[in-house]
Amino acid sequence: CLFEAICGIYWPSMGIVKSKHVPEEVRATMYNLFRIPLNLIVVIVLSNLGAISDDAVFATCAFLLAAAAAMQHAFYTISRADDKREGQSLELASVETEGLIGSS
């Protein structure tokens, strides 16, 4: 039940984030390009399943999760900067509009 609730929150949230930051024209191409490294990692791990120790698998997973967290933080920082820039341009546009309306 908890897993279903988490998935019920996660997938719509990710859909909103993806639709906001990935343009419709390139969305399918971007998703397919990101699937290539993922599939490559799966093939490498499955083909070396007996040769890789549990410690190496755990270390690799920890490294990849840390890298994903760092990239997510960088993406969040860039996104916040873009939002602030958009807010400033909206404020500037409203000030200019008010000046035009007030002077007529």
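Q: How many salt bridges does a search of the whole structure find?
A: The search finds one salt bridge. Bear in mind that this is a predicted model.

Q: Which side chains meet in it?
A: Those of Arg27 and Glu24, with an N to O distance of 2.9 Å. The side chains of Arg27 and Glu24 are also joined by a polar contact of 2.9 Å.

Q: Is Arg27 buried or exposed?
A: Arg27 is buried, at a relative accessible area of 18%.

Q: Why does 18% count as buried?
A: Because buried means under 20% relative accessible area, and Arg27 has 18%.

Q: And Glu24, buried or exposed?
A: Glu24 is exposed, because its relative accessible area is 57% and the cut-off for exposed is over 50%.

Q: Which helix does Arg27 lie in?
A: Helix α2, which covers residues 27-47.

Q: What does Arg27 touch, not counting residues up to four places away in sequence?
A: Arg27 touches Lys18, Ser19 and Val22 on that count.

Q: Stepping back, how many helices and strands are in the chain?
A: The chain has three helices and zero strands. Read from the N terminus, the order of elements is α-α-α.

Q: What percentage of the residues count as buried?
A: 3% of the 104 residues of the chain.

Q: Which lining residues are closest to its centre?
A: Met14, Phe34, Ala68, Met71 and Gln72 are the closest, out of 30 residues that line the largest pocket.

Q: Which elements give two or more residues to that lining?
A: α1 (2-21), α2 and α3 (54-103) do.

Q: Which gives the most?
A: α3 gives the most to the lining of the largest pocket, with twelve residues.

Q: How is empty space like that found in general?
A: A probe the size of a water molecule is rolled over the atoms, and this shows where empty space is left.

Q: Switching to Val45, where is it found?
A: Val45 is in helix α2. Val45 is partly exposed, with a relative accessible area of 35%.

Q: How far apart are Val45 and Val57?
A: They are twelve residues apart in sequence, and the C-alpha to C-alpha distance between Val45 and Val57 is 8.6 Å.

Q: Last one, Thr60. Where is its place?
A: Thr60 is in helix α3.

Q: What does the side chain of Thr60 reach?
A: The side chain of Thr60 reaches the backbone oxygen of Ala56, at 2.8 Å.

Q: Why is Thr60 called partly exposed?
A: Because Thr60 has a relative accessible area of 43%, and partly exposed is the class between under 20% for buried and over 50% for exposed.

Methods
Residues are numbered from 1 along each chain as its sequence is written. This is a predicted model: local features need pLDDT of at least 70, side-chain atom pairs count only at pLDDT 80 or more; totals for chains, interfaces and linings use all residues. Side-chain values use heavy atoms; hydrogens and water are left out. A salt bridge is a side-chain nitrogen of Lys or Arg within 4 Å of a carboxyl oxygen of Asp or Glu. Buried means under 20% relative accessible area, exposed over 50%, partly exposed in between (1.4 Å probe, protein chains only). Helices (H or I, at least four residues) and strands (E, at least two) are DSSP runs, numbered from the N terminus. A polar contact is a pair of N or O atoms within 3.5 Å; within protein, one must be able to donate a hydrogen and the other to accept it, and residues adjacent in sequence count only if both atoms are side-chain atoms. Contact means heavy atoms within 4.5 Å. On a 1 Å grid over the protein atoms alone, a cavity is a set of points where a 1.4 Å probe fits but cannot get out, and a pocket is an open set with protein on both sides within 12 Å along at least five of seven lines; lining residues have an atom within 4 Å of a point.
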